[in-house]
Amino acid sequence: MQTIWKGAISFGLVNVPVKMYTATQDNDIPMKMLHKEYNVPIHYTRTCPKCESEVNWSEIVKGYEYEPGHFVTFDKKELEGLASEKSREIRILDFVHLEEIDPIYFQKTYYLAPDEAGTHAYNLLVAALEETEKIGIANVTIRSKSSLAAIRVIDGVLSMVTMWYAEEIRPKEQIPNLPEETEADERELEMAKMLIEQLTGEFNPDKYEDDYRERLLDAIEDKVEGKEVKLAPEEKKSNVIDLMDALQASLKQMKDKQGAAESEKKKTSGSAGRTGSGGRKKTEASPKPSAKGKPKSRSKSAAKKTGS
C-alpha cells in the first residue's frame with residue numbers, strides 16, 4: 001500500500017506517530033469516453049476563454065467568486081500557510097461510544113500504521129481503546145480539507161474514518177414530499193414486523209456481491225471475443241398494489257423459500273448418509289465452469305485491458 005499521509009495522533013500530551021493508508025478500494029470498471037465515429041479517446045484541455053490558449057498547471061491559482069465575475073485568488077503557498085502545522089496532527093478531542101454516532105456522519109475509512117519510532121505508543125492506544133470500548137473523535141486536515149474523524153480499532157489495527165461536520169448534514173426539513181402522518185395501520189405494522197423477522201440474520205459482508213459488475217465483466221469479454229451481448233432479462237413486476245396483499249405475498253414467498261431450503265437440506269443429509277453406509281465414498285465432482293465455460297478471472301483480465 002502507498003502511504004498517503006504522515007503525521008501523529010495526539011490525545012492529552014501523548015503523541016502517536018502514524019502513517020495513513022486507504023482502507024477501501026474502488027472496484028468500478030474503468031471506462032473511457034470515446035468519439036463514437038472513430039472510437040478514439042476524447043482529450044480534455046485546460047483553456048482560457050480570454051486568450052483562447054491552453055493553460056499549464058504552473059499558471060493556475062485558486063479563486064473565490066465573491067461577486068459575479070470578481071474573484072479573490074490564492075496560490076499554493078498561501079493555502080498551505082493557512083493550514084498551519086496542525087495539518088500533520090490528528091488531534092483527539094473526545095472519547096465516545098461508537099453506537100452514539102449515526103452512520104450519516106461517516107465518509108471514508110483509512111488504516112493507520114505506526115511510524116518507525118511510534119510502535120510502543122501505537123500499541124498502547126490500541127489496547128486502551130479496546131479495553132474501554134471507546135473511539136476517539138478528532139480534528140484532521142488532509143489535502144487542505146478539514147474534517148472530523150473517528151479513531152477506532154478494526155481487527156487490532158488503528159483506523160480513521162473521516163466524518164461530516166454537523167453543519168454539513170442537510171436538515172430533514174429540506175426533503176420534499178415528506179408524509180405528514182407518521183402513524184401506521186396496526187395490522188400492516190404487525191405484518192411488516194413479521195417480514196422483517198423472517199429476513200433478519202447476522203451481517204456477513206462476504207454474502208453481498210456486485211451483480212452489475214459481474215454482468216459488465218461478462219459483457220466486456222463477449223465484446224472482446226466478438227460475441228453478441230446478452231442483456232439481463234427484466235424482472236417480472238408484481239401486479240400487487242394493495243399494501244396488505246404485498247406484505248402477505250412477501251411472507252408467503254419467504255415461507256416457500258425456507259421450506260424449499262429445508263427440503264434440500266434433508267435431501268443432502270440423506271444422500272450423504274447413504275453414501276457413507278456403503279463403505280465407499282464417491283469421488284467429488286470437479287467444480288463446474290462458469291456459464292461460458294471460462295473462469296471469471298479471464299473476464300476481469302479482459303476488462304482491465306479494455307479499460308487501460
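**View 1. A negative surface patch.** Asp-26, Asp-28, Glu-209, Asp-210 and Asp-211 gather on the surface as a patch of negative charge. Such a patch joins like charges within 9 Å, from residues with over 30% relative accessible area and no salt bridge. Asp and Glu count as negative. The model is predicted: local features need pLDDT of at least 70, side-chain atom pairs count only at pLDDT 80 or more, and totals for chains, interfaces and linings use all residues. Residues are numbered from 1 along each chain as its sequence is written, and side-chain values use heavy atoms, with hydrogens and water left out.

View 2. Lys-193 pairs with Glu-190 in a salt bridge, with the closest N and O atoms 3.3 Å apart. A salt bridge puts a side-chain nitrogen of Lys or Arg within 4 Å of a carboxyl oxygen of Asp or Glu. The structure holds four of them. Lys-193 and Glu-190 are three residues apart in helix α3 (residues 186–198), so about one helical turn separates them. Lys-193 is partly exposed at 43% relative accessibility. Buried means under 20% relative accessible area, exposed over 50%, and partly exposed in between (1.4 Å probe, protein chains only).

View 3. Asp-256 and Lys-252 meet through their side chains in a salt bridge (3.1 Å, N to O). Both lie in helix α5 (residues 243–277), four residues apart. Asp-256 is partly exposed, at 44%. Lys-252 is exposed, at 53%.

**View 4. The salt bridge of Lys-227**. Its partner is Glu-225, at 3.1 Å from N to O. Lys-227 is partly exposed, with a relative accessible area of 41%.

Conventions
Patches are made of residues with over 30% relative accessible area and no salt bridge: like charges are joined within 9 Å, nonpolar side chains (Val, Leu, Ile, Met, Phe, Trp, Tyr) within 5 Å. Accessible areas come from the Shrake-Rupley method with a 1.4 Å probe; for residues, only the protein chains shown count as cover. The place of a charge is taken as NZ of Lys, CZ of Arg, CG of Asp or CD of Glu. Helices (H or I, at least four residues) and strands (E, at least two) are DSSP runs, numbered from the N terminus.
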